[in-house]
Amino acid sequence: MNTLNPALVTERAAQRLPRLALLLFCAAFVLPGLFGRDPWKNAELSAFGVMVGISEGRVPWLSPTLGGLPTDAVLLPHWIGALSISLFSPWLDPAFAARVPFALLLALTLVFTWYTTYQLARTEAAQPLAFAFGGEAPMVDYARAMADGALLALIATLGLLQLGHETTPELSQLFAVTIFLWSLAAAPFRHGRARVAVLVALPLLACSGAPAIAVGIGAAGALVCARSHYDEARGFAWWVAASALLAALLSSLFGLWAWRVGVRAEASQALQLARLLLWFLWPAWPLALWTLWRWRRQLLKRHVSVPLASVLVALVACVVMGGADRALMLALPGLAVLAAFALPTLKRSAAAAVDWFSVFFFSGCAIAIWVVYVAMQTGTPSRIAANVAKLAPGYPAPRIWFAVSAAVVATLAWLWLVRWRTGRHQHALWKSLVLSAGGVALNWLLLMTLWLPLLDYARSYRPLVRLVAEHVPPQACLRAPGVSRAAVSAMEYFGRWPVDARALANGGCEYMLRQGSIGSVPGAVEGWHMLTTLRRPTDREELFVVYRRGGKP
């Protein structure tokens with residue numbers, strides 16, 4: 001057997017995932033969390049505060065502020081959210097309107113990951129070995145099956161769940177990285193489109209808040225193209241270099257360079273980073289490592305080197321930034337592509353182990369979600385109901401029948417999927433990832449239906465704003481020195497108070513809000529009378545103290 005190519009794929013194994021099933025997987029992953037919730041603390045609420053302030057004209061477009069303080073927010077992603085709010089106002093809730101374009105970016109990330117893998121799987125080096133008497137997979141069918149596997153691997157990756165559904169600049173960074181990967185993959189086949197894509201990708205990545213990653217991934221991409229066996233790809237290296245140079249120029253012009261180095265030579269940080277890598281990249285990382293081992297004789301070939309370059313740059317950025325999960329998220333598209341190329345070489349025992357782990361783990365998680373929901377609604381089991389009441393005091397536990405119906409349908413679909421996969425004679429390449437992706441989609445949908453009111457109550461600042469409103473009248477000027485950006489955004493949006501977060505010496509507001517913790521409670525302030533101490537019902541650490549000007553300190 002030719003050790004340079006370890007892939008053996010029959011014609012029957014190269015069947016593609018039915019398009020309706022693929023669309024349902026994507027819908028079950030993208031749509032839950034889009035509806036019926038507030039912006040959550042901390043990063044999402046802070047970003048939303050800037051977006052809604054721009055859309056309402058309270059802060060300037062070129063230098064947005066929160067509570068009168070300048071922010072380090074990158075402009076382009078916040079402009080996208082602000083434009084969406086302005087476009088759909090007043091027909092849609094601003095929080096939902098801001099999420100719409102970012103949900104579209106997530107959907108496009110899935111699409112471009114599919115097409116990236118499709119283009120790479122069509123290259124000569126990625127093709128499976130031909131059989132002596134025929135029956136090997138046709139090139140197009142093989143490429144489609146591999147692309148389906150990469151899409152399932154991306155959906156199954158745990159790190160994309162929360163961060164991929166937030167209204168934050170990191171989602172536009174993820175989209176830009178995926179466009180860049182597609183441009184490299186398509187360079188030998190789609191010359192004009194690939195050039196346009198690469199000239200857009202790296203400037204977009206830089207203008208979304210990751211200029212150093214844009215330059216780094218551009219340099220790695222140019223090197224990969226320069227060493228390619230395709231003449232078109234070698235010529236494409238100049239376009240990649242031009243895009244990286246354009247990204248660097250834009251970063252310098254708009255002051256986007258911001259070094260967030262946080263690495264420390266400590267055992268605790270190394271352990272924390274290892275834990276992050278293990279769960280954040282699961283289940284793609286073991287498959288990606290298997291790809292690097294089985295295709296080790298072809299590490300410089302495009303189907304391995306293109307995704308590997310982006311993964312390495314994102315990993316270095318994560319380490320340099322002290323284990324930043326938002327930087328690590330940029331490795332996920334490339335990691336999903338690498339994971340797909342493990343599928344033709346995966347042993348049957350390894351595939352079975354992945355399947356049974358997925359069945360037990362995700363079924364157990366789904367059962368736990370249902371049990372807690374039943375306890376919230378009926379009080380049985382009483383111990384679980386008491387724990388929920390203790391962790392979320394005052395939670396009303398509403399019953400939303402549409403959400404319950406969607407959760408029931410999703411659970412039945414999961415049972416059917418488990419029965420299908422554990423049946424015999426399943427030959428498709430992507431079969432080893434269908435349960436992982438389905439389990440992630442199922443549990444995310446259950447959380448965003450059955451548990452959404454509880455999670456919204458726990459992660460939203462709206463309950464705190466209601467408490468503050470009992471002491472601060474509407475439209476009253478509210479000072480908030482030292483208060484977090486997320487809390488300032490909540491006071492401005494939910495409370496509709498004009499908030500001034502600058503130093504105490506500035507302004508003349510009648511009311512003031514200060515933030516502390518259980519171990520560090522804000523004390524008396526000269527010239528201000530302490531009215532009350534408040535806390536979000538589900539937060540055991542944060543404290544907020546409300547003051548009124550005048551009276552004894």
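Here is a short tour, stop by stop.

This is a predicted model, where local features need pLDDT of at least 70, side-chain atom pairs count only at pLDDT 80 or more, and totals for chains, interfaces and linings use all residues. Residues are numbered from 1 along each chain as its sequence is written, and side-chain values use heavy atoms, with hydrogens and water left out.

Stop 1: Select Asp 148 and Arg 19: they form a salt bridge, with the closest N and O atoms 2.8 Å apart. (That term means a side-chain nitrogen of Lys or Arg within 4 Å of a carboxyl oxygen of Asp or Glu.) Asp 148 sits in helix H5 (residues 139–156) and Arg 19 in helix H1 (residues 19–30), so the pair ties together parts 129 residues apart in sequence. Helices here are DSSP runs (H or I, at least four residues), as are strands (E, at least two), numbered from the N terminus. Is Asp 148 buried or exposed? Asp 148 counts as buried because its relative accessibility is 0%, while Arg 19, at 27%, is partly exposed. The cut-offs: buried is under 20% relative accessible area, exposed over 50%, partly exposed in between (1.4 Å probe, protein chains only).

Stop 2: Now pick Lys 41 and Asp 539, whose side chains meet in a salt bridge (3.5 Å, N to O). Lys 41 is in the loop between H1 and H2, and Asp 539 is in the loop between strand S6 (528–534) and strand S7 (542–549), 498 residues apart. Lys 41 is buried at 17% relative accessible area, and Asp 539 is buried at 10%.

Stop 3: Jump to Glu 166 and Arg 326, a salt bridge at 3.0 Å, N to O. Glu 166 is in the loop between helix H6 (160–163) and helix H7 (169–186), and Arg 326 is in helix H14 (residues 325–328), 160 residues apart. Glu 166 is buried, with a relative accessible area of 7%. A search of the whole structure finds 18 salt bridges.

**Stop 4: two packed helices.** Show residues 302–320 (helix H13) and 332–340 (helix H15), which pack at an angle of about 145° with axes 8 Å apart. (Axes are lines fitted to C-alpha atoms, for helices over the stretch in contact; angles run from 0 to 180 degrees between N-to-C directions.) In contact (heavy atoms within 4.5 Å), residues including Val 304 and Leu 308 of H13 meet a set in H15 that includes Leu 335 and Leu 338.
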